[in-house]
Amino acid sequence: MISNRWLEKRKPYWARLEELVQRSSRGVAALSHGELQELGLLYRQTASDLAAVREDATTRQLASYLNQLLGRCHNLIYLGHKPKVSGIVRFYRDTYPHVFRQTLPQTLLALGIFAATGIVALVVTWHDPAFAYRLLGPQMMETIEQRKMWTESIVTVKPLASSGIMTNNLSVAFSAFAMGISAGIGTIWMMALNGLLIGVIAAATWKAGMALQLWSFVAPHGVLELPAIFIAGGSGLEIARGLLFPGFLPRKISLSQAGSRAAQLLMGTIPMLVVAGLIEGFFSPSNAPVAMKFGLAAVLFLALLAYLFRLRRPEAPVVTADSAP
């Protein structure tokens, strides 16, 4: 039962939120930095208040009012920005690294699933070579046993191969993201399947004495492609987190906020996958020295880490839109 004392205590906060929403009807640019932070805080507090109000059947009218207020605030936060070139630059410069760090546990979980299944697949394949035949097929295994790289055909059709690689990688990333709505089961399956394939191929090429050939091919593009896949997996797991563990928020609002962060995570992987596809189509299968390939991989990986983990204060709109748990 909601008490009158609690209502009187909370009403000023709701009134303040409504005031900020009305003042920013033409966009969040009408608010100062401090007001933007206040808007985000009041939005989260009011969402928690709505969850409490809904528990009392006698406050349906109040629940309707708070729901409408939150809807207006949500549209302002998530839809209130007109697309501009400067906005795109700001997204990749400031917003994306911030959202990545905010959802890092989900990305690490996707990496952990991939790594665990990869290690298991490697051990199983090492002790049971027939497992590789069943998974990879006799044609590919015959190529590996002849100490030939199955990527040689890429060299002759570089532009077409690069386009196909990009399309495939983007498809995997979008699928890992979308399957988060299955409570994460589909995303976990995709991470496990990719880890399984890498583990089996690693074991098969190692036994054939081709480990250096494999990793010198994978390294230049893999340092971008694999993190992008893990981040896409993290975006799917973020959706699952919002769906399964809403905390004090109504499940619908929790899922909406998690979906917004997940979509931002996915958008950030697109440039990474495009660059990785170009490298995989043109440079990775080339006859460039092995040292040059590993050197490029090291430079790209360090650049990626510096970009994602650099300490920089995000813009105010980022705080209000994405700081909710």
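Does Ala183 count as buried, exposed or partly exposed, and what is its relative accessibility? The close-ups below take up this residue and several others.

The model shown is predicted, so to speak of local features a pLDDT of at least 70 is needed, side-chain atom pairs count only at pLDDT 80 or more, and totals for chains, interfaces and linings use all residues. Residues are numbered from 1 along each chain as its sequence is written, and side-chain values use heavy atoms, with hydrogens and water left out.

**View 1. Ala183 sits in the loop between H9 and H10.** Helices here are DSSP runs of H or I with at least four residues, numbered from the N terminus. With 29% relative accessibility, Ala183 counts as partly exposed; buried means under 20% relative accessible area, exposed over 50%, and partly exposed in between (1.4 Å probe, protein chains only). Look too at the backbone: phi of Ala183 is near 65 degrees, a positive value in a residue other than glycine.

**View 2. Helix H10 and the glycine just after it.** H10 has 23 residues and spans 33 Å from its first C-alpha to its last. That is close to the 33 Å expected at 1.5 Å a residue, where the expected span is 1.5 Å times one less than the number of residues. Just after H10, Gly209 adopts a positive phi of about 75 degrees.

**View 3. Ile231 in the largest nonpolar core.** A nonpolar core is a set of buried Ala, Val, Leu, Ile, Met, Phe, Trp, Tyr and Cys residues joined through side-chain atoms within 4.5 Å. Neighbours within four places in sequence aside, Ile231 is in contact (heavy atoms within 4.5 Å) with Tyr96, Phe100, Thr107, Leu265, Thr269 and Met272.

**View 4. Where H4 meets H5.** Their axes, lines fitted to C-alpha atoms over the stretch in contact, come within 5 Å and cross at roughly 65 degrees. That makes H4 roughly perpendicular to H5, a label for angles of 65 to 115 degrees. Phe100, Arg101 and Gln102 of H4 make the contact with Leu104, Pro105 and Thr107 of H5.

**View 5. Thr125 within helix H5.** Thr125 is buried, with a relative accessible area of 2%. Leaving aside neighbours within four places in sequence, its contacts are Phe131, Ala132, Val200, Ala203 and Ala204.

How values were computed
Helix = DSSP H or I, 4+ residues; strand = E, 2+ residues; numbered from the N terminus. Axes fitted to C-alpha atoms, helices over the stretch in contact; angles between N-to-C directions. Parallel < 35°, antiparallel > 145°, perpendicular 65-115°, else oblique.
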